[in-house]
Amino acid sequence: MSHGKIREDKNCLNCGHHVEERYCPHCGQQNIESRQPFHYLFTHFIEDFTHYDGQFWGTVKNLLFKPGKLTTTYLEGKRQEFVPPVKLYIFVSFVTFFMFAIFPPFNYGEDKDKHNKENKTTQTTAPQTKAVQEVIKAIEAEKLQQKDSTKIAKLTEGQKYIEDSLKLDSFQKGLESTMDTDNKIADESGFLGYKTQQEYDKGMAGKKRFLGFVNDAFAHKFFSLKEQGVKKGDIMRNLVETSFHNLPKALFIYLPVFALFLWIFHNKKKWWYFDHGIFTLHYFSFLLVNILVFAILNRITNILDNTFLTTLIRILMTVIVFYGWIYFFIAHHRVYKSHGIVSVIIGGIIFFLNMFAFLFLVTGLALVSFLMLH
């Protein structure tokens, strides 16, 4: 693959050593022209992000379908065959969240518009509305003709019954609307039983509380949003978006924690912490790809109107989730070479400890995201 035109001058621009071919034998820099045509920016970008000098596709194939292969190969010292673990993780992380920035995995607005459209269609064709109109017409006709007061009374009673039914239906819709994510925070809504900031401050004054400063921060944010008339839908949307944008930081922060659990449970192997870090980087790279594929399929199901295709895609999504679970156990067994049931037990303990620890981190991230809402 070409990375620019080779210079006629054989002295390396970086270190000054003589260069016989494309790469400098001393520093490794390509001896190419420093000025390139504009299209070189795009061709160089595509080559670097899809080939990695011929390593990329082989790396992706082994990452997805051969759990543990990249780690064992790297730890054996074969470091040129595949993309280096750190470079792979950074690239996969970039692609995943770049795609999510362009095509958000959450589409509250589209679902809400679709729901409102369906409700509007249902309301315009409601049989109760038609029944009321028919009853009213019949009553008016009888009144105009001044006939049979008993019949008019029966019709009026029927009208009242239908109108009461409609009121009940309206009440049910009103009740459902209190759970609607587009409504404002209700005036009667409270925090720990207090409806205003003043009530909360008065009720909490002088009390000794565990982590009281945390409750105070959340109470202040809750009442501030309530006074601003912020809609629940905006809160949920901003909360999800803020948490999602912080997710790369959470994954990056959790990398050493995941490797630490591996180091603790496999300390008899006398491996360096670095070795467990390589396994962690490969596994987290797989998780990011898994999340990306799952999100893309989920978006497709929101667009499709074909029930059969939607069902097939949802089955595929279920398979992806299940594969994401068993992937760790397969990779763990192949890399650490534990035997039989021992591998399953140790792998299960490590997996669930990490799952709970990461959930704790994500929960903390969500709480911080709530405090950052404005």
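User: Which handedness does the crossing of helix 4 and helix 11 have?
Analyst: The crossing is left-handed, that is, the near helix is turned anticlockwise from the far one by less than a right angle. Please note that this is a predicted model, in which local features need pLDDT of at least 70, side-chain atom pairs count only at pLDDT 80 or more, and totals for chains, interfaces and linings use all residues. Residues are numbered from 1 along each chain as its sequence is written, and side-chain values use heavy atoms, without hydrogens and water.

User: At what angle do the axes of helix 4 and helix 11 cross?
Analyst: At roughly 20°, and they come within 9 Å. Helix 4 and helix 11 are therefore roughly parallel, a term for angles under 35 degrees.

User: Which residues of helix 4 meet helix 11?
Analyst: Among them are Pro85, Leu88, Tyr89, Val92 and Phe100, with Ile278, Leu281, Phe284 and Leu288 included on the helix 11 side; contact means heavy atoms within 4.5 Å. By class, there are 17 nonpolar, 4 polar and no charged residues.

User: And how far apart are the axes of helix 11 and helix 12?
Analyst: They are 9 Å apart, at an angle of about 175°. That makes helix 11 roughly antiparallel to helix 12, the label for angles over 145 degrees. This contact has 18 nonpolar, 7 polar and 1 charged residues.

User: Changing topic, how many helices and strands are in the protein?
Analyst: There are 13 helices and 0 strands, counting DSSP runs of H or I with at least four residues as helices and of E with at least two as strands.

User: What share of the residues is buried?
Analyst: Buried residues make up 33% of the 374, where buried means under 20% relative accessible area with a 1.4 Å probe, protein chains only.

Key. Axes fitted to C-alpha atoms, helices over the stretch in contact; angles between N-to-C directions. Parallel < 35°, antiparallel > 145°, perpendicular 65-115°, else oblique. Nonpolar A, V, L, I, M, F, W, Y, C, P; charged D, E, K, R; others polar. Buried < 20%, exposed > 50% of the residue type's maximum accessible area, 1.4 Å probe, protein only.
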